[in-house]
2 protein chains.
Amino acid sequence: MSTPRRSSDAAQLEATRDAQLAVRVALAATVEPEDKALMPLLQGHDPFTAWELVRTNPEGRFDRCVARVERLRLDDIVARTAALGARIVIPGDDEWPCGVDDLERPPFCLWVTGPARLDAVCRRSVSIVGARAATAYGTQVAGELAFGLANRGFAVVSGGAHGIDTASHRGALAADGTTIAAMACGIDIAYPAANSAPLAEIARSGAIVTELPPGSAPQKQRFLSRNRLIAALTPGTVVVEAGLRSGSRATASAARRLHRVLAAVPGPVTSPASAGTHQLIREGGAVLVTDVDECADLLGSIGDDLAPVKREQPSVADTLGDVESRLLDALPVVRGTGVDRLAVSAGLAPREVMRALAVLLGAGLAERVDSGWRRTRDQIR
Amino acid sequence: MSTPRRSSDAAQLEATRDAQLAVRVALAATVEPEDKALMPLLQGHDPFTAWELVRTNPEGRFDRCVARVERLRLDDIVARTAALGARIVIPGDDEWPCGVDDLERPPFCLWVTGPARLDAVCRRSVSIVGARAATAYGTQVAGELAFGLANRGFAVVSGGAHGIDTASHRGALAADGTTIAAMACGIDIAYPAANSAPLAEIARSGAIVTELPPGSAPQKQRFLSRNRLIAALTPGTVVVEAGLRSGSRATASAARRLHRVLAAVPGPVTSPASAGTHQLIREGGAVLVTDVDECADLLGSIGDDLAPVKREQPSVADTLGDVESRLLDALPVVRGTGVDRLAVSAGLAPREVMRALAVLLGAGLAERVDSGWRRTRDQIR
């Protein structure tokens, strides 16, 4: 496999998928995701022209790619990908998750491993992200949300990190649901290393995805770029616990910029781990969510997943009319009282008292004793 | 003291405060607050005409007041009020808290005891209300908010009930601040009885207020009417813990209807005691607040009480530029690496690597060892 050097319009139209794949892999291997200096130079160019620019380095504007271009071995990357049991997905492929095209700088291509087909599962999916330094409360809530949403057929996308990410992946796995880990390193690297077991399980049943070629190490700015990918893959992002400075807030910003659903779970105001989610709700345009129903309501198709309106069971007393309710309040608990006194204490006409007493008697809320009327014992609030 | 029977415009204009007081006390003693049947009949009438209607009961439309009108002893009520060391405040008095005039059905008059002057303290005040069945979390947060807001000169208004109300009153008292209990019973009744000690303390340093004459028992609908009073007395209401069915939600609705500030404190989504506040934030137009600063910001005069923007302290690494930050990420931790390899791993031009290394060296973030460049040990994230 060699890198194509044609750039005329006619050549592009003839370009086979192999040619597309070659330039896209070449770009992914030489240009950092979201490189602030190079992005404006590549913006608006088709991948063939973009690669031509990077490769030929006109006026030294792509100097920072030179060392990588010199070392680039496309065949090695493709062979290594295959040896890892992974695949490379590019725009135009059936599996390409179109949501990422909404990004200002979409990935050149994606490395994917696992049985889940990205395009299909991302259609009904949710990102659940949050702090690595999560509390027991946060991991419990994230796990329960992931479990419940996976049970309703939502794929759960997260970042494979410690804390909320791991709890979310595990929750989805526990529900035999689909979960996807979007990584900030090559698909051959299990990061964090302590998570290699759950990551292997995700690769077996769901998918691991990254825009970085095999061998790429996890680096700080790659996490930020990866976060935009998480937001773009799914129709909505739920943040469970985030400090005031956290990567999850970057994912949230990306979701908002992409006009995706953005939700956040509150927590105790005494917990710094919830300070970021509270700020997202206060200022970041996030919707406060407390349970699976509310998340599904936000994410799902209208009608399908509408959250049931929360209300407590009404008691018998709740079904009473205004007058009956007032009389019930005025009824004594121990010694009975006559209609005249009840009219005073309830502020009702005697005939209203009589009529209401009949209703309360029928409902088992009032009883007649020697001294008059009183409330039934077991109805006392 | 007798009840005036004049209703002509001229007579009203001549009405002395005593005459106003008499009809207002008579109305308060015979018409339940917010009586659904009588309210429309009295709407739009001045108190003299209103009392005339209630007293004369045309076409039996005020039948439900007859028993009370017959027993009415105005002089007794006034004497009893005085004996309790309380006062009656009516519209037009300096002490009348004008906020209550925004209510659809303002109180006819208010019974007040305690040194605080209602009109003055309500101007800079906050209602803090919530569940009686509060959790330790809720009472802690309510107490801290009340303490902090009292410290900033806000009078704290609440309902004198168990749970959040008591925690709020106590927090304000602990700060030597002013606190006001609005009651759903006569000013002579300490309800709940277990709260008689804090209620006495509130009466000594702040104020107790009610629209019900002495001797009135606490009844369910009176609590709802009292809640509208709490909302109307203050520029803003903060709800700390509320179940899905709770009186605090009635206070919140009243605050919203009155265009007052409405805020709610979140809590763990696993706690039913916070379900009501979460619902208020989701659907009830309440602003999520987490601390005293944010409450003061909402309530205070602009500029005076702006909440400081929350941010964590930036680290040295946060002050780095894009290129330096990328190089720092790419720098190995143990064995040093040469500039060429760094150019590849960071995706930078060699001259960019050199320039960035100088910056990192100066910041103490990178060091030179035999094998090349590496990250300084104590800077590892």
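**Exercises on a predicted two-chain model**

E10(A) and E11(A) form a hairpin with 2 residues between them. The model is predicted, so local features need pLDDT of at least 70 and side-chain atom pairs count only at pLDDT 80 or more, while totals for chains, interfaces and linings use all residues. Residues are numbered from 1 along each chain as its sequence is written, and chains are lettered from A and ligands numbered from 1 in the order in which they are written.

**Exercise 1.** Work out which strands stand at the edges of the open sheet in chain A.

*Solution.* First write the order of its 9 strands, E1-E2-E6-E5-E4-E3-E7-E8-E9, in which the pairing is mixed. Strand E1 (87-89) and strand E9 (287-288) of chain A each have a single partner strand, so one side of each is left without a neighbour in the sheet.

**Exercise 2.** State how many residues each chain brings to the contact between chains A and B.

*Solution.* Counting residues as in contact if their C-beta atoms, placed from the backbone, lie within 7 Å, the contact takes 46 residues from chain A and 47 residues from chain B. On the chain A side, H5(A) gives the most, with 7 residues.

Notes. Two residues are in contact if their C-beta atoms, placed from the backbone, lie within 7 Å. Helices (H or I, at least four residues) and strands (E, at least two) are DSSP runs, numbered from the N terminus. Two strands pair if DSSP finds at least two bridges between them.
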